[in-house]
Protein chains: 4
Amino acid sequence: MNVCIVGASGYAGQQLVSLLLLHPEVDKLFLMASSTAGARYSDLNPAFKGRVDDTLLPAADLIETNFVKENAIGAVFLALPHGASMPYAQHLIENEPDVGIIDLGADFRIHDVKEYEKWYGDHTCPEYLDRFVYGLPEFNKDQIVGSKTIGNPGCYPTSILLAMLPALKAGVVETDRIVADSKSGMSGAGKTAAVASLFTEVAETVRPYKTGKHRHTAEIAQEMAIAAGGKVGLLFSPSIVPMSRGIESTVYAAVKPEKLEWAKASILDYYKEFYKDAPFVRVLDSQPETRNVRGSNFCDVWVTIDEETSTLVAMGVIDNLVKGASGQAVHNFNLMFGFEETAGLKMMALYP
Amino acid sequence: MNVCIVGASGYAGQQLVSLLLLHPEVDKLFLMASSTAGARYSDLNPAFKGRVDDTLLPAADLIETNFVKENAIGAVFLALPHGASMPYAQHLIENEPDVGIIDLGADFRIHDVKEYEKWYGDHTCPEYLDRFVYGLPEFNKDQIVGSKTIGNPGCYPTSILLAMLPALKAGVVETDRIVADSKSGMSGAGKTAAVASLFTEVAETVRPYKTGKHRHTAEIAQEMAIAAGGKVGLLFSPSIVPMSRGIESTVYAAVKPEKLEWAKASILDYYKEFYKDAPFVRVLDSQPETRNVRGSNFCDVWVTIDEETSTLVAMGVIDNLVKGASGQAVHNFNLMFGFEETAGLKMMALYP
Amino acid sequence: MNVCIVGASGYAGQQLVSLLLLHPEVDKLFLMASSTAGARYSDLNPAFKGRVDDTLLPAADLIETNFVKENAIGAVFLALPHGASMPYAQHLIENEPDVGIIDLGADFRIHDVKEYEKWYGDHTCPEYLDRFVYGLPEFNKDQIVGSKTIGNPGCYPTSILLAMLPALKAGVVETDRIVADSKSGMSGAGKTAAVASLFTEVAETVRPYKTGKHRHTAEIAQEMAIAAGGKVGLLFSPSIVPMSRGIESTVYAAVKPEKLEWAKASILDYYKEFYKDAPFVRVLDSQPETRNVRGSNFCDVWVTIDEETSTLVAMGVIDNLVKGASGQAVHNFNLMFGFEETAGLKMMALYP
Amino acid sequence: MNVCIVGASGYAGQQLVSLLLLHPEVDKLFLMASSTAGARYSDLNPAFKGRVDDTLLPAADLIETNFVKENAIGAVFLALPHGASMPYAQHLIENEPDVGIIDLGADFRIHDVKEYEKWYGDHTCPEYLDRFVYGLPEFNKDQIVGSKTIGNPGCYPTSILLAMLPALKAGVVETDRIVADSKSGMSGAGKTAAVASLFTEVAETVRPYKTGKHRHTAEIAQEMAIAAGGKVGLLFSPSIVPMSRGIESTVYAAVKPEKLEWAKASILDYYKEFYKDAPFVRVLDSQPETRNVRGSNFCDVWVTIDEETSTLVAMGVIDNLVKGASGQAVHNFNLMFGFEETAGLKMMALYP
């Protein structure tokens with residue numbers, strides 16, 4: 001299959017190029033960008049020298065020309081800043097109904113346009129929000145298989161939801177005060193020049209930010225509510241730590257008194273059973289670490305009940321650029337087109 | 001004043017040497033060690049070459065010889081692994097009643113011997129536990145001023161207690177489920193060879209550990225209970241992040257419904273007023289970062305109320321080797337002997 | 001083909017496991033260790049959980065039992081500390097002549113036993129030194145293709161030799177004073193507990209060490225002499241820098257006066273031509289960086305002539321665990337058995 | 001004495017503020033900036049909250065108003081980008097002859113205006129170049145003591161010159177090919193937003209740059225020529241490594257045959273004797289590391305003769321923001337005004 005990536009020069013974009021270059025079902029890869037169009041890809045990302053020396057095509061071609069048909073594109077990945085995917089998605093839906101669309105941004109993750117606009121600003125094609133499936137394969141696999149339009153989950157949400165949704169589905173915890181404390185590497189901030197992202201500003205610091213005010217709150221709360229069968233109270237507090245890749249999320253919630261005995265005895269086994277067929281979730285017997293998933297598509301999960309306070313503690317670790325972005329996008333691509341589920345995603349963590 | 005440090009070659013010990021070398025009231029510094037006795041200090045810690053080239057004295061001399069009187073020692077700092085301070089402290093209490101003792105370990109922080117032994121093992125002189133003051137100057141200054149025996153707080157506890165005690169004193173939060181999520185650099189693990197502490201094992205990872213089972217739980221819960229006027233339910237969950245120095249602690253607790261309006265309007269101002277005379281606590285208007293206190297004795301604190309979940313979120317950041325260990329020990333030393341409160345502790349953060 | 005790795009739990013070993021797991025020609029992987037035999041592989045290296053949960057076999061089985069024949073082993077990789085490969089290699093040479101042996105240690109890299117013993121200590125089977133091919137495929141491909149016994153190059157030597165051998169072959173530089181200044185990440189020191197390798201001792205430092213006295217000097221000088229057609233004077237000065245993977249080597253040598261004009265005009269083109277068929281060497285137009293090869297098998301090379309001092313400056317960067325160890329071993333394995341040269345080695349750098 | 005810092009918000013500027021705040025001879029500190037004038041200093045540099053909450057004054061006031069006299073300013077430190085100091089220095093020289101000027105930029109380091117303009121562009125007041133003393137106290141102390149105008153050395157030059165000048169003064173080495181290979185942390189690049197300086201672009205990489213073309217070449221070669229008594233051939237090759245502070249420079253030069261025996265026997269002792277009265281240079285018996293000087297004003301130096309190649313290898317390590325910039329500026333300030341030489345500079349390295 002021929003595949004197109006729009007936004008190939010950012011961190012998520014280049015991770016996607018790396019993965020799709022080795023994907024057994026991908027024939028030809030077309031790389032597009034807006035501000036960097038015209039540049040040689042390997043000049044922007046010298047790691048690709050000798051392998052991807054193509055010139056970046058202008059993203060506008062996707063809309064303004066007959067590009068998709070001429071190049072027999074089967075799928076388009078949109079790896080763009082939040083808000084920038086809408087016109088491409090809209091064009092493809094309206095003109096190229098057979099093309100699979102996987103949006104790595106937030107534009108099509110939130111089903112309720114009011115909730116979207118509260119956090120992100122105007123949406124230019126809200127009529128298509130319902131058409132998009134939230135691409136978390138461990139929970140929505142059936143819908144993904146039958147869809148051509150996927151809103152790929154955010155990085156923080158992936159780590160939090162995979163840790164917490166099984167507990168919510170089981171009705172084990174109170175849902176009025178779920179606290180998610182996440183620690184993230186810097187690559188989530190993208191390849192954008194900013195003083196706050198300088199090496200000298202990030203090394204040797206822990207930087208909590210946007211506590212209770214981060215935009216991913218909308219997406220996490222939406223999916224938690226679906227699993228819990230009703231609105232949840234979510235407090236999401238992320239921190240930047242001095243590393244490039246990786247997110248560790250710890251989620252705290254009060255155990256319902258009537259579920260306490262069951263949870264103490266069985267919660268970890270329940271999680272293991274829950275994920276037994278999920279090729280990329282590993283339920284561990286001990287606390288997880290981000291280095292064990294770095295560069296891989298795994299999410300390592302752990303859960304326990306703190307007896308002193310009757311609190312459920314669930315942890316999830318991912319590589320934010322792989323399972324938290326491009327790897328999960330490839331997973332969705334595989335499901336959408338009936339490829340082997342783990343095709344192109346079999347690599348282990350790069351460690352140390 | 002002549003001063004003696006027992007355990008001068010570890011990370012807390014050498015930080016103490018750095019601080020006391022420049023302290024205006026310290027005349028002569030005597031350095032002791034057990035396993036490294038006989039070595040030249042600057043061979044073990046080459047940063048001190050040309051300034052501290054003394055040979056480390058055997059710590060046993062403190063007990064077995066007339067060392068204290070012969071050298072007119074006024075104060076002894078014990079910077080030893082947990083459990084190792086007891087014999088030195090006992091000897092000094094029983095034989096050198098005029099000498100000030102500041103223990104940087106955990107041996108004399110816990111007032112209840114059963115609680116101590118639950119977490120740390122046998123205590124060989126429990127009869128002296130009550131004599132020690134918990135050396136958190138922002139809360140116990142009056143007692144410290146009149147004491148010769150100080151149990152210097154742990155690093156995690158310092159960051160958590162300074163963030164949370166004002167709220168507990170004000171009776172703003174429910175106390176049955178207080179969650180403290182801390183992120184720490186590696187120097188807290190000390191200068192001990194271990195695979196898990198290798199650069200290659202710590203770089204590019206977040207490593208949560210001992211959730212609900214860390215020994216500092218005892219000390220934090222003890223001080224929280226004093227402030228709250230009754231037992232608290234505490235869940236403490238620390239993580240290692242890839243840096244050398246610094247701890248960021250975020251503490252979550254439910255606001256009492258009857259205090260919610262007051263807390264939303266006034267909590268930050270209350271904290272500012274609370275700490276207005278504390279020279280080393282800075283209550284910030286925005287979220288704190290560890291780099292702003294690195295190498296200094298400051299604790300930066302921030303507090304907010306999350307309206308969505310009616311949760312109080314309090315954050316504290318410190319340098320674990322300064323405010324979390326040796327700087328706080330010097331602060332206690334200053335108070336104990338009536339020196340200027342900030343003597344030897346005026347340095348700003350080393351940044352970047 | 002069934003393959004066996006002896007020493008699978010160290011850093012080079014686990015990198016080899018990662019690569020061979022995805023290698024299209026490898027059927028079954030047998031993992032052996034000495035001190036960690038009996039442990040579950042994924043307990044030692046949790047990154048492999050769910051993929052490699054085998055128990056580590058005792059390495060002695062390779063010698064003491066009929067292991068090779070019973071399991072139809074076609075190749076054995078020895079990823080052991082220097083000096084430990086000899087008995088396994090000797091046994092296999094004498095008893096299993098059809099098995100390919102690739103030694104990642106130094107035991108069979110040096111052809112002259114006196115030179116070996118000067119740097120490494122006694123050699124127990126010097127009669128086999130000549131049988132081993134120095135496995136640097138860019139220079140010794142023909143010999144590797146016809147051999148069953150490969151001494152895989154060291155990490156520093158790979159980066160230095162690929163940068164400098166073309167110049168030496170061309171006779172461009174004086175050979176009495178070749179200076180190689182290398183900067184390396186910490187993973188080269190292995191997964192061994194040592195205070196000097198702690199995160200807290202390596203972060204935020206540059207640590208030059210063993211200037212003029214590093215054991216890799218022997219191997220580098222040997223291969224340089226072959227290329228230059230006579231003994232060379234080599235000064236090798238390595239430094240540790242605060243990262244896990246990667247080596248950058250800068251090599252300085254005086255340009256011969258009679259070659260100066262040619263070198264100024266043509267040296268970079270000559271290098272490009274020299275390596276035009278080498279799939280893993282990329283000659284760049286600008287200075288290389290280690291991050292562009294991290295996790296990949298590439299060596300990026302650059303060369304220039306400093307006109308002010310008539311000095312040739314050649315740079316080579318590699319991932320020390322891939323091109324500097326396990327990736328190069330797989331490359332040799334591919335050549336030895338006539339597999340596609342890049343099989344199992346097509347991955348791009350993991351960046352950022 | 002009242003002191004003014006122009007350019008107080010950059011990395012060198014804030015290091016200077018930290019040092020002068022604790023300097024026993026400084027009464028009042030006035031902070032100026034151009035683009036950040038009007039901002040509260042502690043808003044730009046939150047590490048200073050509670051200690052330096054002043055508003056940054058407009059740098060233009062120094063020229064356009066009667067600022068110096070009105071505030072009884074005794075010394076002005078210029079911590080500005082290269083090229084920006086000239087108008088301030090010119091104004092002060094012409095109107096405030098009693099004020100001491102210490103320029104931390106390159107504007108007044110090069111004595112030959114042609115050489116200056118070759119590397120840096122136009123100079124607007126070349127007539128004052130000769131008046132400035134190159135502020136390397138270990139070599140120019142007498143001139144500094146009698147001067148009011150100091151060009152403070154660059155960071156790379158400080159580390160290279162302190163390592164190499166004694167050998168050049170002794171006439172031990174050939175001077176036609178001196179190679180200086182330096183490894184630096186990122187803070188040398190300043191607090192400027194640039195993609196190449198992002199955490200994600202600098203972590204886990206070694207990045208050699210501007211080999212043979214770095215502007216510091218002019219300054220290093222100038223001072224080497226003075227010491228050697230004639231022009232030298234210098235090849236300077238710097239690399240960025242993943243840390244914030246610190247430079248390690250290794251300098252290689254051929255030993256003159258007639259000096260070889262002496263050098264082998266005596267070079268280290270000669271260096272120790274040479275620097276015996278220099279309070280900030282420590283000649284070590286083993287290779288130096290940047291962490292031992294981090295945050296201090298020390299330069300640790302080591303020298304050896306490689307017998308294999310008859311090469312002198314000299315190493316120098318500094319903290320680029322202290323001994324390589326602001327600490328050295330304070331040292332010059334102390335000498336200029338007859339203060340204790342180490343006043344304000346007694347701190348040990350912050351380690352780990």
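**The interface between chain D and chain A**

Tutor: In this predicted model, chain D and chain A bury about 1500 Å² between them, and carbon and sulfur atoms give 70% of that area. On the side of chain D, the most area is lost by Leu198(D), Phe199(D) and Thr200(D), together 42% of what that side buries.

Student: How many residues are in contact across chain D and chain A?

Tutor: Contact needs heavy atoms within 4.5 Å. By that rule, 19 residues of chain D touch 19 residues of chain A.

Student: What is the count of salt bridges between chain D and chain A?

Tutor: A salt bridge needs a side-chain nitrogen of Lys or Arg within 4 Å of a carboxyl oxygen of Asp or Glu. The count here is 0.

Student: And how many residue pairs are in polar contact?

Tutor: That takes N or O atoms within 3.5 Å. Between chain D and chain A, 6 residue pairs qualify, both residues at pLDDT 80 or more.

Student: Which helix of chain D gives the most to the side that touches chain A?

Tutor: Helix H9, residues 199-202, with 4 residues. That side of chain D divides into 11 nonpolar, 6 polar and 2 charged residues.

Technical notes: Residues are numbered from 1 along each chain as its sequence is written. Chains are lettered from A and ligands numbered from 1 in the order in which they are written. Side-chain values use heavy atoms; hydrogens and water are left out. Buried area is the accessible area (1.4 Å probe) that two parts lose on being put together, summed over both. A polar contact is a pair of N or O atoms within 3.5 Å; within protein, one must be able to donate a hydrogen and the other to accept it, and residues adjacent in sequence count only if both atoms are side-chain atoms. Helices (H or I, at least four residues) and strands (E, at least two) are DSSP runs, numbered from the N terminus. Ala, Val, Leu, Ile, Met, Phe, Trp, Tyr, Cys and Pro count as nonpolar, Asp, Glu, Lys and Arg as charged, and the others, Gly among them, as polar.
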